[in-house]
Each structure stands twice: as C-alpha cells, then as structure tokens.
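Okay, thanks for coming, everyone.

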Amino acid sequence: MSSNTPREHLADNEHLSVLGYEGEFDRSMSLWANFALGFTYLSPLVGVYSLFAVALSTGGPPSIWWIVIVACGQLLVSLVFGEVVSQYPIHGGIYPWARRLWGRRYAWMAAWVYIWAMIVTITSVAEFGAGFVASLFGIELTANSTLVISLGLLLLALLINFTGTKWLARIARLGLFAELIGVIGVGLYLLIFQRHHGFGVFFDTMGTAGDGSYVPVFLASAIAGLFLFYGFEACGDVAEEVSDPARRIPRAMMMTIVVGAVSALFSFAGYVLAAPNLEAIVAGEEGDPIPAILEASLGTVGAKIFLVIAVLAFISCVLSLQAAASRLLFSFARDGMIPGHRWLSKVTEGSRVPANALIVACTVPALICVLIWLNDGILVAVTSFAILGIYLAFQMVVLAALRQRFKGWRPAGPFSLGALGAVVNIVALAYGVFAMVLLAVPGSSGSFVSDYIVHIGLVVVLATGLLYLFIARPDRKSTAPQGDAVAVAEEIRTRTGQHRV
C-alpha cells in the first residue's frame, strides 16, 4: 500500500516480507559489529604476514602499491554490492544476489563456486594460524601438531558460533581490536622508531627485473594486494541479523575496504622499512622474515605479545569465515537448492543460529585439514584456488547487476549511486576481469600440475557443479523468487511513496 508521506526506506521486517521471507533471526548486530565481522574476515594481519616474503621476492618494495590498486578496484566492487544488498538485505550474500539479479541456475553456479572457495579459505586460515599458536606456546610445528591445532581452532570457532549472534559480534569486535593493534599499532611503531630505510625504497626495484622490463615483474607481484581484499562481502552474509541492514551493510563493506587498506599499508611499509636484511628478503633468502624483524624491533617480550594479538586475530578470522559460510549454506538450503536442504535450513530455537549449516562449515574444512596432513603439498594449491574462486563469484554478481541495469533496473534501497551506478558497475567489472587474469597466470616451474593447479581446481569445481545442476536439477525444485530486481525495486518505491518522478 502506498503511503501519503514518503519514507526513506522500509522497516526491516517489511523489507524482508517484500523479498518473500519471514524474520527468523535476532537483529542484534550493530554497524560496528558488522564492520568487525567483515574486517576480521579480510584480516590484513593474516594477509600481510602470509604474503610479505613472496611479494618482496617477486617484485621488491614497489609491490606495496598493489595494496592501493586492489583496494581501489575492490572498493568499486563493494559499491556495486552495496546497491544490491541495500535492495536485498537477506542472508547469504553472493547466492541470493545472483539469484535475484539473474536466475536460479546462474545463482547455483555462483554459490557452488563461492561455497567451496569459502570452505577452502576457512581451512587455509586455520592451517596458517596453527603456526602462530605453536610459536606462542613453544610447540614444535610438525604435521601432527599442525593438524591438532588447526582442528582445535575450527572447533573453538564452532562452539563460539553456536552461542549466537551476540557472542559472534563480541569476538569479532575483539578480533578487530587485535587486528588494529597488530597492523596499525605495530606498523606505526616500526615506521617511527625502527626505520632502517628511507621511503624512497618503495620506488626501488632492487634488481628484481634483472636486465628486462619491470612491468611483467610488477604484474607478477600483484598477489600483494589480490590475496588481501576480500571478506567485505561477509557483511552481507549475515544481513538478517543486522539492525537496519539496508543502510548499515553498504557502509560496513566500504569501511572494511578503506580501513583494511590503511592497515595493510602501515603493516607492509613498517616491515619493509624496519627490515635490517631487506636485500636478503628481496633475493628470496628469507622465507619467513617477519618473526626476525619483530624480535629485532620489539624484543623477545614484544614479539611474544604480538603473537598473542595474532592468535586472537586468527581465531576471530576463522569465526567470521565460519559464520559467513554457514549463512550462505542456510540461504542456499532455505530455497531448496542443495542436498539436505531441510536439515541445513534449520535454525535453533535458543541461540537463533543455523546450527546444522555451522556444523558443515566446520566439518568439511576439518576433513580438508586431514587431507593436508596426509599431503602438505596441496595447501598452497587449495589456497590459490580459493582466491580465484572468490573473485569469480564476485564478478558473477557484478555482471548480473550490470545486466539488470541494461534491463532498466534502478536500485531502490536507501544506498544508491544514482546516475553513477552504471559507470561504477562497468569499471568494477573491468577491474574484476583484470584481477582474474592476473590470478590465472600459470606458474613457471615446468611441472604441468604445479603450474596449472589453480585452473585444475576451478575446472573440477565448475564441472561437478554443472553435472549436479543438470542431473539433479535443483533449480526445478525451488520456487523462491528469481530475476526480479526491476519488479522489487518498483514495489519498494511504491511502498515508500517514492515512485518514479
């Protein structure tokens, strides 16, 4: 029913009703808690620590500029996502966005790729976090200890997630605090008090190009940024647990990118300028240089304190990833689009969380941890696949949004780019294709499997998804709305009294 007095936007439950769903969750997550969830998923502390040595040995100190380049590109993607989630503030993020912008089968493939990418990412973070836990408690890092610690991190995150959204938000905020201390605080300290190099070093290739052009080398070092800036979409995965999500989630996603970029720059720059053996790191002679930099700069006690902060950040990161993956699985199951959908779509009475989906989001990564224990050589491969899979799923949403714009869609949520929407959408798509090309460049080891493992992984996931789609036809069993972006926008404008003028 049209209102005589125009409203800025619909009330949360009415908005959800327009989209065809009823509220099943507690809306106890604030803007800051939602931002903390996305930020701890993005986790610049984890990303910079994992990539620092590889980025420097590939492209030297100028590889830091990829943090700026990728942050700008992903900010454009977050603006597109912001318009979409503002109109569709429902659980699951990538899946419902793709479904409502395009259709059931398209959404199936986007979600299938994204689910596996998220599950593999949870595994990777737990595996990398095991090293920090082992260092903190003086445990020898072996295959067995890595497995036990990784499984422990997954189980701890599951138990916290079982308690409900409020505890998820609390731990996410704690993780945010730990991240900011670990990246901005430590980075500033290193920049101000422990600098061994001038800022001009960030324009010094330090011989990484050899006698040839630096351009191919610089492009190869893009991982310094490409492996960092995702996770902001997790803000939308929990939309039905956020108060006023149509306005708050777009802001939380953009805050995640901006604060993440500033944090990563401080952290990366601090490590570079404080490195007493920078030439050795660039030459590839130091495989894990950050512990030595921290101990030389902070002392033994300071380095231990940093380890405590890092472990908190890893726990929060696993927690956020698990929560986001479970909401995606729930959203997928609620529409009857996945095997075991009735079981996966159940919400617990007390804590109001999708407990069964959480169990899956813990169990499958745990099984992959066991596979890595049996063959630790697959860790890098599965991590690389996860990043390319996430970028592909992102761009499927960006492409679907652009398609709807060509069909006349004008986003009707309270967050809108107006006339700039189409331009931002096109540039975001161009950036995403460019990023995927960089991620898909094969290695140069001479081994086909090693050089093309990312492509092999993606082909396997796409092939199995297509086979299930066309054999089981889950799209035929689902009656939830699809491809209704224009119609929903008109309905929202009618209800708010802000129809086309």
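Quick definition before anything else: buried here means under 20% relative accessible area. And keep in mind that this is a predicted model.

So, take arginine 473, in the loop between α20 and α21. Buried or exposed? Its relative accessibility is 16%, so arginine 473 counts as buried. Its backbone is worth a look too: phi is positive, about 50°, and this isn't a glycine.

There's another one like that. Aspartate 244 isn't a glycine either, but has a positive phi of about 55°. You'll find aspartate 244 in the loop between α11 and α12, and at 11% relative accessibility it counts as buried.

Next, helix α14, residues 290-334. A straight helix of 45 residues would reach 66 Å, but the end C-alpha atoms of α14 are only 44 Å apart. Where does α14 bend? At leucine 298, by about 120°. Also, 33 of its 45 residues are buried, so α14 is largely enclosed by the rest of the structure. After α14 comes glycine 336, with a positive phi near 70°.

Last stop: α7, residues 143-162, and α16, residues 355-374. Their axes come within 10 Å and cross at roughly 175°, so the two helices are roughly antiparallel. What kinds of residues make up that contact? By class, 16 nonpolar, 3 polar and no charged ones. On the α7 side they include Leu147, Leu151 and Phe162, and on the α16 side you'll see Ile359, Val370 and Trp373, among others.

Okay, that's my tour.

Notes: Residues are numbered from 1 along each chain as its sequence is written. This is a predicted model: local features need pLDDT of at least 70, side-chain atom pairs count only at pLDDT 80 or more; totals for chains, interfaces and linings use all residues. Side-chain values use heavy atoms; hydrogens and water are left out. Helices (H or I, at least four residues) and strands (E, at least two) are DSSP runs, numbered from the N terminus. The expected span of a helix is 1.5 Å times one less than its number of residues. The bend at a residue is the angle between axes fitted to the seven residues ending there and the seven starting there. Buried means under 20% relative accessible area, exposed over 50%, partly exposed in between (1.4 Å probe, protein chains only). Axes are lines fitted to C-alpha atoms, for helices over the stretch in contact, and angles run from 0 to 180 degrees between N-to-C directions. Angles under 35 degrees count as roughly parallel, over 145 as roughly antiparallel, 65 to 115 as roughly perpendicular and the rest as oblique. Contact means heavy atoms within 4.5 Å. Ala, Val, Leu, Ile, Met, Phe, Trp, Tyr, Cys and Pro count as nonpolar, Asp, Glu, Lys and Arg as charged, and the others, Gly among them, as polar.
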